[in-house]
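Take a look at the protein below.

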Amino acid sequence: MSVMSQRTDSVFVSTLGKGDTLHQQVLAAFPLSRISEEDLIQNPGFCRLLATLCQHVDRTGLTQHLRRDREKAERELHAQRLCWLRVESVHRVLREMVQENRFNKASSALTAEDKFYSTLEQCLMVAQCVKQMDISSDSSEDHSGILGLTAERVLRLMPPEQELLEMKQRLSSELLQHLKKKAVSVLTYYQPEWENESEGLRSVKLSKLPELLDAEQKRSKSLTEKNRENEALLQRQTHAYLSELLKCMHILQRLVLDLRLKAQKELDRKKIEYFQAKCEIGLQKIRAEMLEVQLDTYTRDKIAAHKKITEKLRAELKSSELDKQTLESKLTSFQIYGQDFEALAEEYSRLRQEIATKSWALKEFST
């Protein structure tokens, strides 16, 4: 056994190295399990165990021997259930016939049809009572019936033999007619467009109704099985999706943390640049205000000096004009003196030039 297990392990190990086919086969062999492909990759020994088990068990986890026993038991149960369903179906149809006749009865007069249904109802009631009082033949204990009644005493309440014979002769035709009516109802419910068909065509289609219902039942079972497989596949895909989603969330958390740190550095740098620019603007405003104050002071000083110079020049101009007038008067009074007049004229010219220079300087300072 050990040699065989080692050989089997070596075969599965070599198969594992060829790709993901073994994982997919294991997942397909156990569709009802909640195992993901990632679980099989992380646990190769468990994967080999499942791959070995899938050769001995079916998709539901049963071995071949148990599966055969179960199928045999299911066939026997199906046969017994089918037999019981036939008897129960006929019993229910007969009770339905009795109830319909009771509801559709228009008069209280006893007719042949009423006699048939009353006999049938009495037989059904007696059969039901006997069924309730039936005791298993495997039990050897002495059981007393309900209120001391026994099945033999209840069977004495059956209708007379002649009425039973007449009822049995008519029962098959009435049952067939009632079943046909129910089949037509099922047919019109299944295919409403067949309701207005002729009797012959309806009979032909009624003969195909079991095949149609059987095909519909098979299709429903197939869809149910497919839905079950899709549900298992959806569960596996949901598990894989949630696992991948968790991984993505962890990655996003790390990225957000990294980006937050980087963004914080960039934000701090921009804040520093902003405050530096704000401080520079404040300094420039302070410098501008100081320069403006200095300029105002310089302008006021310059204006004051200009005023002083202007006043001084005006005083000198007045003094020169007085000198000019004095010299002119002297020139006029001393024109008779000859050479002395030339000296006075030169002095006069010099004074006039000096007056002109000072007038120009006064004019320049004034502008």
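Predicted model: local features only at pLDDT ≥ 70, side-chain atom pairs only at ≥ 80, totals over all residues.

The protein has eleven helices and zero strands. Of its 367 residues, 17% count as buried.

**Overall build**
- Read from the N terminus, the elements run α-α-α-α-α-α-α-α-α-α-α.
- Take the contacts between residues at least 6 apart in sequence: 59% of them join residues at least 24 apart.

**Helices α2 and α4**
- Helix α2 covers residues 21-29, and helix α4 covers residues 44-53.
- The two pack at an angle of about 55°, and their axes lie 10 Å apart.
- Angles from 65 to 115 degrees count as roughly perpendicular, and those under 35 as roughly parallel. The pair α2 and α4 is therefore oblique.
- The crossing of α2 and α4 is left-handed.
- On the α2 side, the contact uses Leu-22, His-23 and Val-26. On the α4 side, Cys-47, Leu-50 and Ala-51 take part.
- By class, the residues of this contact are five nonpolar, one polar and no charged.

**Helices α5 and α8**
- Helix α5 spans residues 64-104, and helix α8 spans residues 161-190.
- Their axes come within 11 Å and cross at roughly 90°.
- That angle makes α5 roughly perpendicular to α8.
- From α5, the residues in the contact are Val-90, Val-93, Leu-94, Glu-96, Met-97 and Glu-100.
- From α8, they are Leu-171, Glu-174, Leu-175, His-178, Leu-179 and Lys-182.
- This contact of α5 with α8 has seven nonpolar, one polar and four charged residues.

**The largest nonpolar core**
- The largest nonpolar core has 13 residues.
- Six of its members touch the most others: Leu-94, Met-97, Tyr-117, Leu-120, Met-167 and Leu-171.
- Helices α5, α6 (112-133) and α8 each supply at least two residues of this core.
- Helix α6 gives the most, with five residues.
- Which residues does Tyr-117 contact, leaving aside its neighbours within four places in sequence? They are Met-97, Val-98, Asn-101 and Glu-174.

Technical notes: Residues numbered from 1 in each chain as written. Heavy atoms only, no water. Axes fitted to C-alpha atoms, helices over the stretch in contact; angles between N-to-C directions. Helix = DSSP H or I, 4+ residues; strand = E, 2+ residues; numbered from the N terminus. Parallel < 35°, antiparallel > 145°, perpendicular 65-115°, else oblique. Left-handed = near helix turned anticlockwise from the far one by under 90°. Contact = heavy atoms within 4.5 Å. Nonpolar A, V, L, I, M, F, W, Y, C, P; charged D, E, K, R; others polar. Core = buried A, V, L, I, M, F, W, Y, C linked by side-chain atoms within 4.5 Å. Buried < 20%, exposed > 50% of the residue type's maximum accessible area, 1.4 Å probe, protein only.
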